[in-house]
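Me: Please take a close look at one part of this model and walk me through it strand by strand. Then go on to what lies around it, and keep it brisk.

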Amino acid sequence: MDDSVEAENRPLLVLTNRQPYSHRYTGDGIESTRSEGGLVTALDSVLQTTGGEWVAWGSAAADFDPSVVSADGELELPPDDPSYTLERVELDRRQVDDFYRGYSNQVLWPLFHSHIDRVNVEPTFWEGYREVNARFTDEIVDRDTSRIWVHDYHFLLVPEMLTDRISGQSRIVSFVHIPWPPAEIFDICPHSEQLLEGVLASDHVGFHTASYRENFLRCVERQFPASTVDRESGEIGHRSSETGTSTFVQPVGIYPDEVAARADSPSASASWRALSNQHGLCETPIVVGVDRLDYTKGITKRLDALASLWERHPEYREAFVYVQKATKSRSDIDEYRDYQHEVREQVHRLNDRFATDDWQPIVYIDESLPYEDILGLYRHADVGVVSSTRDGMNLVALEFVAASRGTESALVVSEFAGAAETLAPDALTVNPFDVEALGDAIVEAVTMPAPEKANRTATLQESVAGVSAGRWLEENLDRLLE
Ligand code: G6P
């Protein structure tokens, strides 16, 4: 890309697969609700400041009154005080099957999370992925923008497709929100070369951790021995262009002050009281896990760990209740439906096996809860557990700490979650594949002596206060404006 691109005042364009708001036509007009989740929260606040355009997958036509949506389907957002536009790109059923359910979530997702046994390469998936990346490129290419910010694994080919057509008129920055896998794993992908070419056409690529960036640099070296890779600066020279790389250990989407305030709000407290009354949670320590029902979250390993613990140490039965809040995700993919079923069955089995007259070992909540209620749950829990087998960052770990401000609690976090880099050693880090060690870490957290808990809590609070989505954004915007 051309380094002489000026950071002139043309608007910023953001590309994500998910939309920032969900929309419903109510008869009086369109009701828009902001989607929760780190990525969307953070980017929504940037665009509210900078103005610009957001392009995402969604239907503009089907469920809305055509009289309140412009002819081309653009929406002005946020609804109360519009400052940017959302352009939704509609995909047909086959495209959704091949691009989203197929290549994105049955090839790239398992591959990048090192679950190679789950990678399912169907020829139509790749064709669909290319086609939809090209479709989004078409949507962006004629827009009047000087800075294009491409997010995540859904659009790895877009930077190259764009570069071929805009020849240096806009600066393209990519951010990969999931891990970049080790080169030996990435090589398994039959399209590894095309994917790397796609990403390398960005002016800059951001990763959450140093090890993901290191993996990316090694992939480039192996695939393109003629390229130059400067480990120190992260600069890559490939063909006739330069690509910068950097790590942003700041999490996207966590504003600790806001999380702490919402966790302590009257509605969060009321919801916690209702939940604890419903499940009789007042007396016993609470251990909590909050996850999308995704195999990368290691929920079955966590349940195995609890079973092993209560088996090996009957004295820890009745010592705490484990609350699992689970959110259905990607349910129209078989693997995900199977996983949902597996988790639910495993919870039932454990409850049947270990329950006593006075104690239900696991409370399983799979209905959707407002974000405030989840923050209230974090705040009143004694221990949070994150046991991902691999995770780009994991905001739950950070939110758990932020929501617990002013209380004392302990956190167990997988060493394979990006967040462990920020939170170790004050969180108990653990290898989730070692189920006995995971069970022991949960007990250690539950029974942690008060002075140790106070010390760890204080440092965890400091670590989380020092990281903020605001800083992630600032650093990213610097790259965009360079
Ligand atoms: C991860 C990805 C996001 C994605 C989210 C939910 O966090 O990095 O890009 O949006 O999972 O997955 P979904 O398929 O429901 O969008």
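Reply: Helices (H or I, at least four residues) and strands (E, at least two) are DSSP runs, numbered from the N terminus. The model is predicted: local features need pLDDT of at least 70, side-chain atom pairs count only at pLDDT 80 or more, and totals for chains, interfaces and linings use all residues. Residue numbers start from 1 along each chain as its sequence is written.

The part to look at is strand β8, residues 171-175. Burial comes first. A residue is buried if 20 or more other C-beta atoms lie within 10 Å of its own, exposed if 12 or fewer, and partly exposed in between, with C-beta atoms placed from the backbone. In β8, 5 of its 5 residues are buried. Both faces are covered. One side carries Arg171, Val173 and Phe175; the other carries Ile172 and Ser174.

Now the neighbours. Strands of a sheet pair through backbone hydrogen bonds, either parallel or antiparallel. Here, two strands pair if DSSP finds at least two bridges between them. Strand β7 (residues 147-151) runs parallel to β8, joined by 5 bridges. Within that pair, Val150 has Ser174 as its bridge partner. Strand β9 (residues 204-207) also runs parallel to β8, with 3 bridges. There, Phe175 stands opposite Gly206.

β7, helix α4 (residues 158-166) and β8 form a right-handed β-α-β unit. Right-handed has a set meaning: with the strands pointing away from the viewer, the path from the first strand over the helix to the second runs clockwise.

Step back to the whole sheet. It is open, has 10 strands and shows mixed pairing. The order is β5-β6-β4-β1-β7-β8-β9-β12-β11-β10. β5 (75-77) and β10 (228-229) stand at the edges with a single partner strand each, so one side of each has no neighbour in the sheet. Pro78 sits in the loop between β5 and β6 (84-89).

Two residues are in contact if their C-beta atoms, placed from the backbone, lie within 7 Å. Leaving aside neighbours within four places in sequence, Trp149 is in contact with Val173, and also with Leu12, Leu13, Val14, Leu15 and Leu480. A nonpolar core is a set of buried Ala, Val, Leu, Ile, Met, Phe, Trp, Tyr and Cys residues joined through C-beta atoms within 7 Å. The largest has 71 residues, and Leu15 and Trp149 have the most contacts inside it. Helix α2 (residues 93-112) gives the most to this core, with 8 residues. Another core, of 66 residues, lies apart from it; Ala403, Ala410, Ala417 and Val435 are among its members.

Next, the loop between β7 and α4. Asp152 is placed there. Phi of Asp152 is near 75°, a positive value in a residue other than glycine. With 19 other C-beta atoms within 10 Å, Asp152 is partly exposed.

Asp152 also belongs to the ligand shell, along with Arg18, His177, Ile178, Ser329 and Arg330. A residue counts as near a molecule or strand if its C-beta atom, placed from the backbone, lies within 6 Å of it. The shell divides into 1 nonpolar, 2 polar and 3 charged residues. Ala, Val, Leu, Ile, Met, Phe, Trp, Tyr, Cys and Pro count as nonpolar, Asp, Glu, Lys and Arg as charged, and the others, Gly among them, as polar.

Ser114, in the loop between α2 and α3 (123-141), has phi near 60°, a positive value in a residue other than glycine. The peptide bond from Ala424 to Pro425 is cis, with omega near 5°. Pro425 lies in the loop between α14 (420-423) and β18 (428-430).
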